[in-house]
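Okay, thanks everyone, let me put this one up on the screen.

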Amino acid sequence: MKKASLLLAFFFALFSCQTLQQGQGMSYSAVSNDVPLASGTYYIVNNGLALEPNNAMPGQNVFLKPFNKSGMQKWIVTKKVSGKTVNYTIRLAGETDGLWFQGYPVKDHTPIIGTAAGANVSYKIVPVPDSKTAWLIKSNRYNGDAMQSFVFNSELSNEIRFNPAEPENSKFRWEFVKE
């Protein structure tokens, strides 16, 4: 009987710790991908990490940081339709206008925010078929390669890369959370 009580207490403690750890993350509700993404202000999140530049100025690298709804994690996503073609631009929200999310000139480097608008700031944002909230963000600059989270060094912030899409891989699945 004593062993059973100890075993029950152990499982209760283990379950309580797991629930507490799960509860430490920020809860959020991502927009549905059953219709095309609308223009708006969003947090762009991958596995609990959000896009965030080092500073709100041109040339700053964009990393993935724990999602906390910081002002530096807000992005203005603008849908642009031309005939049957739908593209999006992504720029940092806030006082400084014109800070566009763009791939780094060298593909194997985390993206930056910059002032130049054009082909290097244009994306296709398409739903992941087996998900209700996940999207692929495909770079027009990199001929449709998709954005993924990338761990360069486990002691540093996660980076971002553009590579051939792997929709089944969670590193390529992005969620848009309304402000």
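**Rings, cores and one glutamine**

So, start with the aromatics: Trp 75, Phe 101, Tyr 123, Tyr 142 and Phe 162 come together as one aromatic cluster. Keep in mind that this is a predicted model. In total there are 8 aromatic pairs in the structure.

Let me pick out one of those pairs. For Tyr 28 and Phe 67, the ring centres are 5.2 Å apart and the planes sit at 85°, so we call this pair edge-to-face. Where do the two residues lie? Tyr 28 is in the loop between helix H1 (2-23) and strand E1 (40-46), and Phe 67 is in the loop between E3 and strand E4 (74-82), so the pair ties together parts that are 39 residues apart in sequence. And are they buried or exposed? Phe 67 is buried, at a relative accessible area of 7%, whereas Tyr 28 is partly exposed at 28%.

Still on rings, we've got some charges sitting over them. Lys 178 puts its charged end over the ring of Tyr 42, 4.8 Å from the centre. Then there's Arg 91, which lies over the face of Trp 100, 6.0 Å from the ring centre.

Okay, on to the cores. The largest nonpolar core has 26 residues, and Leu 51 and Phe 176 are the ones with the most contacts inside it. Who supplies this core? At least two residues each come from E1, strand E2 (49-53), E3, E4, strand E5 (85-92), strand E8 (123-127), strand E9 (135-139) and strand E11 (159-163). E5 gives the largest share, with 3 residues.

Let's look around Phe 176. Setting aside neighbours within four places in sequence, its contacts include Ala 30, Val 31, Leu 37, Tyr 42, Val 77, Ile 125 and Trp 135. Tyr 43 is also in contact with Phe 176. There's a second, separate core of 6 residues too, and Tyr 43 is in that one, along with Val 45, Ala 50 and Val 177, among others.

Last stop is Gln 60, in strand E3 (residues 60-66). Gln 60 has a relative accessible area of 17%, and the cut-off for buried is under 20%, so Gln 60 counts as buried. What does its side chain pair with? There's a polar contact of 3.4 Å to the side chain of Asn 55. Not counting residues up to four places away in sequence, Gln 60 touches Asn 54, Asn 55, Pro 111, Ile 112 and Ile 113.

Definitions and conventions:
Residues are numbered from 1 along each chain as its sequence is written. This is a predicted model: local features need pLDDT of at least 70, side-chain atom pairs count only at pLDDT 80 or more; totals for chains, interfaces and linings use all residues. Side-chain values use heavy atoms; hydrogens and water are left out. Helices (H or I, at least four residues) and strands (E, at least two) are DSSP runs, numbered from the N terminus. Buried means under 20% relative accessible area, exposed over 50%, partly exposed in between (1.4 Å probe, protein chains only). A polar contact is a pair of N or O atoms within 3.5 Å; within protein, one must be able to donate a hydrogen and the other to accept it, and residues adjacent in sequence count only if both atoms are side-chain atoms. Contact means heavy atoms within 4.5 Å. Rings of Phe, Tyr and Trp (its six-membered ring) pair if their centres lie within 6.5 Å; planes under 30 degrees apart count as stacked, over 60 as edge-to-face and the rest as tilted. A charge sits over a ring if NZ of Lys or CZ of Arg is within 6 Å of the ring centre and within 35 degrees of the ring normal. A nonpolar core is a set of buried Ala, Val, Leu, Ile, Met, Phe, Trp, Tyr and Cys residues joined through side-chain atoms within 4.5 Å.
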